[in-house]
Every structure is written in C-alpha cells, then in structure tokens.
Amino acid sequence: MRNTEEPIILKKRETPQDRRRRRMLWVTITLALLAGMVAVAALFGRFLFLHQQPGVGIASRLNGTERAVPPLPLKHPEEQELEQAVDNYIANMSLDDELGQMIQVQFVGPGLGNVLSLPASWRAELGRVHVGSVILYWYNVQTQSQVQALTESLQAPDIAPNIPLLIATDAEGGEVDNLRHIYGYSPTAASLGESLNPQNAYNWGKLDAEHLKSVGINADLAPVVDVKTVSDPSISQRMYSTDPTVVTSMASAFIDGLHSQGMLDTLKHWPGIGWSAVDAHDTLPVSDRSRADLDRLDFAPYKALLSSGKVDMVMSTHVLLTSIDPNMPSSLSPILINGILRQQLGFQGVVITDALYMGALTQKYSMAESAVLAVIAGNDILSSFYNPGGVEQVLAALHHAIDTGLISKARIDQSVKRILLLKLHYGLFTLPG
C-alpha cells in the first residue's frame, strides 16, 4: 500500500518530440562514452607497447631518466626471409664453429718481428678452429705479392672451409696505416679535418679501399670518430677535429669512399677516448665526464653516423667512464655496449673489441676472462689472439660459461647471425643451396 503521506506527482504525457530528444540525448552520451573508452585503451596499449620494447628497462634508466626507445624498423619480407635462412644455417653449425666466427687472430714474431706468411703452428690451429677473422699489422706486410699470398692462404679450404674470413687491418692514415710500406703514407685524420673538405676524406677512403682490396683485405678498422678534447691526447693525429660536427662529416665521407669499393668500415673507439692522454695499451684511462658532456661530444658522431644506417662495425675500447659504469671498463660493460650503444643508439650490427691484450684490461683480467665478459656485454668479435694457446683458452672459457649458464646459446647465435649477415651483405659468404 502506498504511504498516504507521500505526495502524488502527476506525470506529463510524453510527446513524440520529447521521445526524439530523449533518444538523441542517449545516443550522444553513448558515443561520448565510447570515444573516451577508445582513447583510454589507445593510451594503455601504447604504454604496454613501449614497455615491451628493447631498452625500456634498466638500460633506459641509465641516466636516471625514463627513455622510451623507438622500436626497430619493420623488415622487408626479403630481409625476413634472409634472416630466417641465416637462422637455419646457424642451427646446423657446431658450437665450436659458431665460437670460431667470434674470434679474431693475428700473427706476430718475437719482439714484434715480421711474420710474412702463415706459420705452421697457426696453420695447424686454424685447421682445427675455423676462426671468423684475422687482423694484419705492419709486421705482416712487405710487398703487394707477399700480402696477396698471405691472404689467399688464409682463405684456403682447410682454414675457411665454409665461411670466408674477415681479413682486417688498420688503414686510418698517417702512422696508423699498415700498408704504408707498399703504397706510402696517406694523410693523417688530423690533416684531413683541418682541410674542412669532406671530399678529401672521401678520396682517401676510396683510395685506401682500392689498396686494401688489391691485397685481399676486406675490412678497414677505420675511421676514428674520437673527438679531440685535450691538448695532447694519446691519439692526437688520428682524430679529425675538436668539433663533433667536423668529425662526423669527415668520417661519413671516408666511409662513403670505403663503401664505393665494397670495403667494410669500422667506427672507433666507442665510447670515445679523445679526452685521454693515457694510452690504453699501458693502463686504463679513467674519466668522470658527465653523461650530458658525453652526449654532446663523444657520443655525437656515433648518434649521427649510426642513424644514417651506413655503419658496418663499431670497435669498443677500454676506458672507465665513472658517471656511466664505475665498475667495468667500457668494452666489458653491458651498460655501455648493450645499454647505450645497442638499445639507446640503436646499433644492431657487429661490435668488435679493441685488443684484449691491452694493459687496460690485463692489469685485472686474463684474455679468456675478458673474452667472456665482452660477450656478456654485447660484443660479437673478440680481438685479437696472438698465439694458438690463447685461442684454446678462450674457447675453453666460453664453453664453460655456456655450460654453467653464464652465457646462453641464444646469445652466441645472436653474434654469429650479425657476423654472417655482414659477410653476406658484402658478398664474402653465400648460403648453400
């Protein structure tokens, strides 16, 4: 029964116009709610997408600031097909053959004595361990025909039965040009930089590549993109300029010259050493340079050149940047290799270490220990073992690291894939079938 004290409300009869207005109001409210839901879903989806991308974890907070790393560009179907073919090839490789691709060796006599042909001890070792690359120095160079014979012997079926070698050298110019005994001296990077004419750098890059190809060398460990920021750094004449913009333009032109002749390039020395008067061959250079200054100076040429997509390899060197990683030398630092170089700057190509026998590392680590740490950090090619025993030691150390789970098999596959893709790109290697 209705409460007799409740007032009686008489309802007005609803007209057709009223019903139309009511329907329009509900439609408007419903559409607004749907639009709001879509906007919220889009924002939430973008949040999930960004936080699933490489580099938005610990590495993106290296400077104390959240940094959303853009996803890698989508690959064309042809690229996807090639990468799948390389994956299939790697799946059928032995672990030792995979590890071999990550090892670079050199040949040196007592007291840096000349070694002008492949020593018997090395031929026996390389017949067992099919390494991926060799580096030649001035003590391996005498005449054009001699170097041609040496490189041909290195590509022989018993040493490189399935995958040809990367045969590299330093052809930067000036004193650091291992073919100078054959072709004479070329200008230093410093003199090219002083010209402020990138065409000069292009011309010398092209000529260097022609010289290298003529003797069977297929990779140049150049250009140097260190930015000179002290009056007398340890590699003064090897740097283009104190201005990162000049360094970038000169290095870019030099790379174009190399590429015009089908020669691989290598940027060095990541993360920069133009601030140091200390030689890493002797001891570990240390800097407290801030991240802001590193971005403005040392990292600037890398950012520009890597964004161009033209860089083949990057060489990591041995310095300690206390503002970034106060514990590990840069070449062994996951923060500097995987974190900044790969994730923040986006380089997914081959990273090769500077020589692991340098005093900067050997003061604390054996070469085998450095090799394991370098792989964990994100390097692909380990340079450079100067006796067969060193190769055996690093293979044993890598096997132990894999067996104990310190390094995953997938991590090894990742480096070998980068190396094989680079060799395929330059026609040094073709997939069977």
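Predicted model: local features only at pLDDT ≥ 70, side-chain atom pairs only at ≥ 80, totals over all residues.
Modeller: Contact means that heavy atoms lie within 4.5 Å of each other.

Colleague: How many helices and strands does the chain have?

Modeller: There are 16 helices and twelve strands. Of the 433 residues in the chain, 50% are buried. Buried stands for under 20% relative accessible area, exposed for over 50%, and partly exposed for what lies in between, with a 1.4 Å probe and protein chains only. Among contacts with a separation of 6 or more, 77% are between residues 24 or more positions apart.

Colleague: Why is Ser-252 called buried?

Modeller: Its relative accessible area is 18%. The limit is under 20%, so Ser-252 counts as buried. Ser-252 lies in helix 9, residues 244–260. Apart from neighbours within four places in sequence, Ser-252 is in contact with Leu-305 and Lys-310.

Colleague: What makes the pair Ser-252 and Lys-310 a polar contact?

Modeller: The two side chains are joined at 2.7 Å. A polar contact is a pair of N or O atoms within 3.5 Å; within protein, one must be able to donate a hydrogen and the other to accept it, and residues adjacent in sequence count only if both atoms are side-chain atoms. The Ser-252 and Lys-310 pair, at 2.7 Å, is therefore within the limit.

Colleague: Which residues of helix 10 are buried, and what covers them?

Modeller: In helix 10, residues 291–298, the buried ones are Arg-291, Leu-294, Asp-295, Leu-297 and Asp-298. Their cover includes helix 9, helix 11 (300–308), strand 10 (320–321) and helix 12 (335–344).

Colleague: What makes helix 10 and helix 11 oblique to each other?

Modeller: They pack at an angle of about 55°, and their axes are 4 Å apart. Axes are lines fitted to C-alpha atoms, for helices over the stretch in contact, and angles run from 0 to 180 degrees between N-to-C directions. Under 35 degrees counts as roughly parallel, over 145 as roughly antiparallel, 65 to 115 as roughly perpendicular, and the rest as oblique. An angle of about 55° falls in the rest, so the two helices are oblique.

Colleague: Which residues of helix 10 and helix 11 meet?

Modeller: From helix 10, Leu-294, Asp-295, Arg-296, Leu-297 and Asp-298 meet Ala-300, Pro-301, Tyr-302 and Lys-303 of helix 11. By class, this contact has five nonpolar, no polar and four charged residues. Ala, Val, Leu, Ile, Met, Phe, Trp, Tyr, Cys and Pro count as nonpolar, Asp, Glu, Lys and Arg as charged, and the others, Gly among them, as polar.

Colleague: How do you know that Arg-411 is buried?

Modeller: Arg-411 has 13% relative accessibility, so Arg-411 counts as buried. Arg-411 is in helix 16, residues 409–425. Not counting residues up to four places away in sequence, Arg-411 touches Val-375, Gly-378, Asn-379, Asp-380 and Arg-418. Val-375 is 36 residues away along the chain, yet the C-alpha atoms are separated by 8.2 Å. The Arg-411 side chain also makes a polar contact of 2.7 Å with the side chain of Ser-415.

Colleague: Why is Met-102 called buried?

Modeller: The relative accessible area of Met-102 is 0%, so Met-102 is buried. Met-102 sits in the loop between helix 3 (95–101) and strand 1 (103–105). Beyond four places in sequence, the contacts of Met-102 include Val-375, Asn-379, Asp-380 and Ser-415.

Colleague: Why are Leu-112 and Leu-196 put in separate accessibility classes?

Modeller: Leu-112 has a relative accessible area of 48% and is therefore partly exposed, whereas Leu-196 has 59% and counts as exposed. Leu-112 is in the loop between strand 1 and helix 4 (120–128); Leu-196 is in the loop between helix 7 (189–195) and helix 8 (198–214).

Colleague: What is the phi of Leu-112 and of Leu-196?

Modeller: Phi is near 60° for Leu-112 and about 55° for Leu-196. Most residues other than glycine have a negative phi.

Methods: Residues numbered from 1 in each chain as written. Heavy atoms only, no water.
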